[in-house]
Amino acid sequence: MATEEFIIRIPPYHYIHVLDQNSNVSRVEVGPKTYIRQDNERVLFAPMRMVTVPPRHYCTVANPVSRDAQGLVLFDVTGQVRLRHADLEIRLAQDPFPLYPGEVLEKDITPLQVVLPNTALHLKALLDFEDKDGDKVVAGDEWLFEGPGTYIPRKEVEVVEIIQATIIRQNQALRLRARKECWDRDGKERVTGEEWLVTTVGAYLPAVFEEVLDLVDAVI
């Protein structure tokens, strides 16, 4: 709600958006400060608390601001912040930050996903990107993030499903089928549609292109 007061007291870790009606450009004013509104300005809403992301949490911001190499916000010639329209930015634990005009908190503060032992996340790339090791990932690639560990989300990657390990007991075997050409856990090359048995006793986590058909009991 826009406020018509001329003196706005902004507490610490709060912010307001101010619209200059001469240039029609909005800007951010951050507390703690006492802001005196000019006649040609409108305060678009009462002081709002900054976004605070605690440790082991994240949030997603749509239309994020553009920043230079030093991390400073970029402005155009009119003084309006430059936005990366239709883009997303995942922000992890950091100091409280305001939302600039045009930014939208698309996904509220969410705990990071913990992947347990004998569990994996089936991931798929939506866009081309380079991972932290410098390897190129192409859109459409699929891979597993195996637990135990904490999964750090990326805007270019979606989680397809959570895969649980299957327990193979004595006198049992796991029947698998290859969804596409791949290498199995033992390093053997498999062709699309090929089926085989895994007889090793214990927990078996299928690879990304392996499909579990059923558990087969031995015939006495």
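Visitor: What makes the meeting of the side chains of Lys33 and Glu29 a salt bridge?

Guide: Please note that this is a predicted model. The N to O distance between Lys33 and Glu29 is 2.6 Å. A salt bridge requires a side-chain nitrogen of Lys or Arg within 4 Å of a carboxyl oxygen of Asp or Glu. The pair Lys33 and Glu29 is therefore called a salt bridge. Side chains of opposite charge can pair when their charged atoms come close.

Visitor: Which residue forms a salt bridge with Arg27?

Guide: Arg27 forms one with Glu29, and the closest N and O atoms are 2.9 Å apart.

Visitor: Why is Glu29 called buried?

Guide: The relative accessible area of Glu29 is 11%. The word buried applies under 20%, so Glu29 is buried.

Visitor: Why are Arg27 and Lys33 described as partly exposed?

Guide: Arg27 has a relative accessibility of 29%, and Lys33 has a relative accessible area of 35%. Partly exposed covers the range between buried, under 20%, and exposed, over 50%. Both values fall in that range, so both residues are partly exposed.

Visitor: How do you know that Arg91 forms a salt bridge with Glu89?

Guide: The closest N and O atoms of Arg91 and Glu89 are 2.7 Å apart, and the limit is 4 Å. Arg91 is buried, because its relative accessible area is 5% and the word applies under 20%. Arg91 and Glu89 also belong to a network of salt bridges that links Arg84, Asp87, Glu89, Arg91, Glu103 and Lys155. By the rule, the count comes to 18 salt bridges.

Visitor: Into which domains is the protein chain divided?

Guide: The division gives domain 1 (1-48), domain 2 (50-110), domain 3 (111-162) and domain 4 (164-215). The centres of domain 1 and domain 2, taken over C-alpha atoms, are separated by 19 Å. Their contact takes 11 residues from domain 1 and nine residues from domain 2.

Visitor: How much area do domain 1 and domain 2 bury between them?

Guide: They bury about 820 Å², with 70% of it on carbon and sulfur atoms. Of the area that domain 1 buries against domain 2, 53% is supplied by Tyr13, Tyr15 and Val25, more than any other three residues. On the side of domain 1 that touches domain 2, β2 (14-20) and β3 (25-30) each supply at least two residues. The largest share of that side, five residues, comes from β3. By class, that side has six nonpolar, four polar and one charged residues.

Visitor: What makes the peptide bond between Gly31 and Pro32 cis?

Guide: Omega of the bond that joins Gly31 and Pro32 is about 0°, and the bond is cis. Pro32 lies in the loop between β3 and β4 (33-36). The bond from Gly147 to Pro148 is likewise cis, with omega near 0°. Pro148 is found in the loop between β14 (142-146) and β15 (149-151).

Visitor: What is noted about the phi of Asn118?

Guide: Phi of Asn118 is near 60°, a positive value in a residue other than glycine. Most residues other than glycine have a negative phi, and most peptide bonds are trans. Asn118 lies in the loop between β10 (113-115) and β11 (119-125). Arg56 also has a positive phi, near 65°, and lies in the loop between β6 (48-49) and β7 (57-62).

Visitor: Are Asn118 and Thr119 buried or partly exposed?

Guide: Asn118 has a relative accessible area of 44%, which lies between 20% and 50%, so Asn118 is partly exposed. Thr119, found in strand β11, has a value of 8%. That is under 20%, so Thr119 is buried. Leaving aside neighbours within four places in sequence, the contacts of Thr119 include Phe145, Ile162 and Leu205.

Methods: Residues numbered from 1 in each chain as written. Predicted model: local features only at pLDDT ≥ 70, side-chain atom pairs only at ≥ 80, totals over all residues. Heavy atoms only, no water. Domains from an automatic or database assignment. Contact = heavy atoms within 4.5 Å. Buried area = accessible area lost by both parts, 1.4 Å probe. Helix = DSSP H or I, 4+ residues; strand = E, 2+ residues; numbered from the N terminus. Nonpolar A, V, L, I, M, F, W, Y, C, P; charged D, E, K, R; others polar. Buried < 20%, exposed > 50% of the residue type's maximum accessible area, 1.4 Å probe, protein only.
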